[in-house]
Amino acid sequence: MLKLNGTLGLEDFYKIIFENNPIEIDNTVFETIENSFNFLKTFSENKTIYGVNTGFGPMAQYKIDDTDRIKLQYNLIRSHASGTGNIIDPMYVKAAMLARLNTLSLGHSGVHKSVIELMSALINRDIIPLIYEHGGVGASGDLVQLAHLALVLIGEGEVFYKNELKPTKEVFEIENLKPITVALREGLALMNGTSVMTGIGIINTINTRRLLNWVILCSSAINEIVQAYDDHLSFELNQTKKHKGQREVAKQMRTHLSDSKLTRKREEFLYNKNPEVTIFEEKVQEYYSLRCVPQVLGPVLDTLNNIENILIEEVNSANDNPIVNVEKQHVYHGGNFHGDYVSLEMDKLKLVVTKMSMLAERQLNYLLNPNLNNILPAFVNLGTLGLNFGMQGVQFTATSTTAENQMLSNPMYVHSIPNNNDNQDIVSMGTNAALITKKVIENAFEVVAIEMITIVQAIEYLKTQDKISTKTKKMYDAVRHLVPIFTEDIVMYPYVNKIKDFIMNHENNIV
């Protein structure tokens with residue numbers, strides 16, 4: 001059981017979301033929460049506090065009677081639970097819940113402790129609110145999406161419970177759970193903030209890290225099976241560039257290929273020989289998709305590292321309005337709910353993921369085109385050329401999916417549209433950015449899955465199973481466990497989906 005004290009790391013998200021570790025709230029959090037709630041309750045008497053005794057957004061000019069304060073919060077939740085479109089996968093919603101729980105635990109929102117108690121119970125019991133993709137502009141945070149979370153916390157709406165969509169009221173009765181106590185500003189406090197875009201974003205970074213490791217593995221394997229010269233991966237060459245990412249990718253590839261019997265030393269084949277020819281039959285240098293992998297994937301790694309840092313800063317920040325400060329005995333009004341930090345990082349992430357899918361597609365094309373590799377039959381066809389098609393069909397899938405990624409990688413960050421009576425006159429579109437990035441990542445896994453099957457088919461044709469590196473051999477075995485050797489044409493989509501599912505749900509340390 002993980003004890004939460006208001007500070008979350010990437011590893012905590014992994015353990016809770018991917019490994020279903022239960023959570024426990026540290027007593028210090030409840031002390032902080034109660035101090036914040038009690039201070040705000042006293043401070044807001046005889047003062048005008050936004051969202052406590054005023055309307056919301058452009059309606060803030062209207063004073064709310066004390067007798068209507070609680071009704072105001074319920075009205076906000078119900079009216080804004082207006083999402084549409086596709087349902088957000090429960091795993092991503094759970095991450096959003098965890099992000100919201102953490103920011104409320106900081107004590108800057110003045111919520112009642114029942115919010116923390118119920119949210120942690122829902123996370124532990126895998127009771128996940130129904131939230132839709134469409135609705136958030138990411139300015140006052142994820143108002144619409146988080147309204148669906150708040151709706152569940154007041155005992156309404158719908159939840160996923162034991163893989164079924166059920167009314168919240170019914171599930172609460174089964175689990176003996178009580179809705180939260182709305183006492184001051186719990187409606188606004190739950191809805192104001194960046195937790196949905198941040199939760200989705202954190203899952204995106206975890207999946208991207210996994211994807212990057214598989215892409216490095218495939219890139220290493222291709223260099224190996226075409227017997228590339230290894231000096232483009234050398235410590236000496238890559239050390240002349242100062243970028244940490246490039247150096248790390250090259251290091252990982254050298255480690256991968258350390259026991260390969262296929263990669264070649266330039267000094268053995270070219271430097272110690274000077275044949276009297278005017279045209280070399282073999283390439284002196286590899287194509288860029290093989291030779292420039294550290295330079296292509298290095299910036300991906302550096303960007304991913306930075307994105308992770310920004311998102312963890314966001315999840316450990318107060319992203320509400322107003323902000324309660326017990327130490328200063330004051331309430332500050334501002335815009336911490338704005339999602340520009342997350343929106344920009346999600347746009348960066350989908351750019352680098354798209355580049356990875358482009359690299360995988362070009363490497364795939366290299367293997368499929370005999371005029372490029374000069375060692376494999378067209379489309380790595382292990383059957384009869386002309387009669388059989390090999391990997392020809394799935395190349396269309398990889399190419400079209402890569403093209404979709406290129407289109408989707410256009411930024412959301414600069415697509416602000418004023419709304420809310422122009423109160424929200426510049427917005428982040430952060431949730432849209434995070435959801436589109438999720439799609440781009442899933443697409444990239446499809447392309448890499450097709451590439452991986454092709455690599456294994458190439459090894460089959462070249463009969464180099466006893467010469468490839470240990471890591472490549474483990475990848476070969478893992479794929480062969482799911483995809484049979486095929487010389488006759490077979491229906492490919494089940495196998496592509498199997499490999500996609502495999503690499504999306506496994507770290508490449510198994511190979």
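**Helices, domains and spaces**

Helices H1 and H9 are roughly perpendicular to each other. This is a predicted model. The angle behind that description is roughly 90°, and the two axes come within 10 Å. Helix H1 covers residues 10-18, and helix H9 covers residues 195-225.

From H1, the contact takes in Leu 10, Phe 13, Tyr 14, Ile 17 and Phe 18. Their partners in H9 are Ile 202, Ile 203, Thr 205, Ile 206, Asn 207 and Arg 210. Sorted by class, the residues of this contact are eight nonpolar, two polar and one charged.

The domain assignment gives domain 1 as 2-192 and domain 2 as 203-324 + 334-510, so that domain 2 is written as two segments. Taken over C-alpha atoms, the centres of domain 1 and domain 2 are 38 Å apart. Contact between them involves 43 residues of domain 1 and 37 residues of domain 2.

Both domains also take part in the second largest pocket, each giving at least three residues to its lining. The volume of this pocket is about 400 Å³. Its lining consists of 19 residues, and those closest to the centre are Ile 17, Asp 89, Pro 90, Met 91 and Tyr 92.

Which elements each supply at least two residues of the lining of the second largest pocket? They are H1, helix H4 (90-105), strand S6 (158-161) and helix H18 (430-462). The largest share, four residues, comes from H4. By class, the lining of the second largest pocket is made up of nine nonpolar, four polar and six charged residues.

Rolling a probe the size of a water molecule over the atoms shows where empty space is left. The structure holds one cavity of 30 Å³ or more, and the largest cavity has about 30 Å³ of space. Leu 4, Asn 5, Gly 6, Ile 25, Val 29, Leu 101, Asn 102 and Ser 105 form its lining. H4 gives the most to this lining, with three residues. The lining of the largest cavity has four nonpolar and four polar residues, and no charged residues.

Two places in the backbone remain. Most residues other than glycine have a negative phi, and most peptide bonds are trans. Asn 46, by contrast, has a positive phi, near 65°. The loop that holds Asn 46 runs between helix H2 (27-43) and helix H3 (69-80). The peptide bond from Asn 321 to Pro 322 is cis, and its omega is near 0°. Pro 322 is in the loop between helix H14 (293-315) and strand S8 (323-325).

Key: Residues are numbered from 1 along each chain as its sequence is written. This is a predicted model: local features need pLDDT of at least 70, side-chain atom pairs count only at pLDDT 80 or more; totals for chains, interfaces and linings use all residues. Side-chain values use heavy atoms; hydrogens and water are left out. Axes are lines fitted to C-alpha atoms, for helices over the stretch in contact, and angles run from 0 to 180 degrees between N-to-C directions. Angles under 35 degrees count as roughly parallel, over 145 as roughly antiparallel, 65 to 115 as roughly perpendicular and the rest as oblique. Contact means heavy atoms within 4.5 Å. Ala, Val, Leu, Ile, Met, Phe, Trp, Tyr, Cys and Pro count as nonpolar, Asp, Glu, Lys and Arg as charged, and the others, Gly among them, as polar. On a 1 Å grid over the protein atoms alone, a cavity is a set of points where a 1.4 Å probe fits but cannot get out, and a pocket is an open set with protein on both sides within 12 Å along at least five of seven lines; lining residues have an atom within 4 Å of a point. Grid points are joined across faces, edges and corners, and a volume is the space filled by probe spheres set on the points. Domain bounds come from an automatic or database domain assignment.
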